[in-house]
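User: I am new to this structure. Can you walk me through its charged contacts?

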Amino acid sequence: MTTTPIARGLEGVVFTESKLTFIDGEKGILTHLGIGIQEWAEKSSFEELSYALLHGRLPNSKELEQFDHSLRQNRYVPQELIETIKHYPRRMNPMQALRTAVSHLGLLDPHSEDDTSEGRYRIGIHLIAQFATIIAAIARVKEGKEPVAPRRDLGHAANFLYMLKGHAPTEEEARLFDMALILHADHSMNASTFTAIATISTLSDMYSSITSAVGSLKGPLHGGANEAVMDMLDDIGSLSHVDEYIGGKLERKEKIMGVGHRVYKYFDPRSRVLRDYAALVAEKQGKSNYYQMLERIEAIVLEKLSAKKLYPNVDFYSGVVYSDLGIKKEFFTPIFALARISGWVASVLEYVEHNRLLRPNALYTGPVDQHYVDIDQR
């Protein structure tokens with residue numbers, strides 16, 4: 001009897017081609033369109049990266065200006081959706097709320113079934129622009145506050161923080177958040193991107209595809225890791241307790257949150273960028289306690305786990321950055337979605353151009369040569 005190899009979790013399975021994102025996990029390399037993630041984070045903006053992912057190239061100044069203008073013009077969502085969000089239960093899981101709101105947004109779009117390339121692109125622009133408005137509205141409602149309408153005179157990152165807090169952020173805060181969005185915008189064939197592609201491969205509509213992706217991101221193994229890191233830091237409490245806490249984890253062979261990655265067997269390059277910015281913000285905001293704990297945990301991890309190719313990933317520092325920006329833990333995963341929407345849209349548009357329905361096989365391991373037994377004989 002021949003045995004059929006099974007790729008658990010589809011690990012190592014190549015099912016399509018993409019020109020968007022390249023990852024070399026052994027060397028800790030991440031590029032978009034061949035440009036290293038460090039350069040994107042230091043020199044670009046979320047708007048520019050979004051354009052590049054959707055179009056497969058860097059824009060010139062006029063193209064970027066027009067794209068940015070389009071995002072600003074499409075920030076407003078139907079008031080009917082805002083009123084519905086106001087009636088969501090206060091106990092709601094924010095990702096449940098986002099999943100429901102995106103589906104509702106499609107219901108309100110009279111052109112939601114437009115499956116032309118232009119139609120899908122138009123919906124993609126709307127979604128990139130409106131995710132910020134929806135997530136900020138959900139956050140405000142959950143706190144018992146009135147949603148804040150978007151402003152067209154602010155960039156994407158600054159506008160979100162304005163809608164979230166009700167006042168404009170500092171230039172430094174806006175730049176930090178913009179950089180965080182860039183670092184999370186796309187990451188090749190992760191679970192949520194694959195889910196979006198699986199949905200669009202049936203030639204379903206864009207809203208259904210993105211709603212599927214949101215549902216996939218909700219899981220703690222994909223989108224919720226940075227929240228778990230903050231929970232760990234709260235459990236530790238102070239710098240003086242780090243060694244004992246992490247030592248106990250290592251002795252019990254328990255997972256240290258934010259350490260290790262399915263793809264990276266070296267430093268996640270995004271974590272290096274975020275670490276430096278986290279230190280800067282922690283110092284200026286007077287919130288260095290969390291950062292100092294992470295710094296010590298990283299030192300222990302490098303000493304004890306580097307031989308096993310376990311290093312800090314992007315989630316290790318992102319939670320501290322979001323916390324210092326005044327974002328609550330339960331909204332860390334929606335913020336992930338706010339960034340990843342660009343990658344989802346770009347991957348969906350790229351795949352559907354040469355679409356093939358996804359239809360994998362499963363190795364059957366059940367009984368054979370059986371016969372139906374009448375119910376009175378069972």
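User: Which lysine does Glu143 meet in a salt bridge?

Analyst: This is a predicted model. Glu143 sits in the loop between helix H6 and helix H7. Its partner sits in the loop between H15 and helix H16, 185 residues apart from Glu143. The N to O distance is 3.3 Å, and the partner is Lys328.

User: Is Lys328 buried or partly exposed?

Analyst: Buried means under 20% relative accessible area, and exposed means over 50%. Lys328 has 46%, so the lysine counts as partly exposed.

User: How many residues apart are Asp234 and Lys329?

Analyst: Their side chains meet in a salt bridge, 3.1 Å from N to O. Asp234 lies in helix H11, while Lys329 lies in the loop between H15 and H16. The pair links distant parts of the chain, and the separation is 95 residues.

User: Which parts does the salt bridge of Glu26 with Lys309 tie together?

Analyst: The closest N and O atoms are 3.3 Å apart.

User: Which residues are linked in a network of salt bridges?

Analyst: The search of the whole structure finds 23 salt bridges. One network links four side chains: Arg272, Arg275, Asp276 and Glu298.

Key. Residues numbered from 1 in each chain as written. Predicted model: local features only at pLDDT ≥ 70, side-chain atom pairs only at ≥ 80, totals over all residues. Heavy atoms only, no water. Helix = DSSP H or I, 4+ residues; strand = E, 2+ residues; numbered from the N terminus. Buried < 20%, exposed > 50% of the residue type's maximum accessible area, 1.4 Å probe, protein only.
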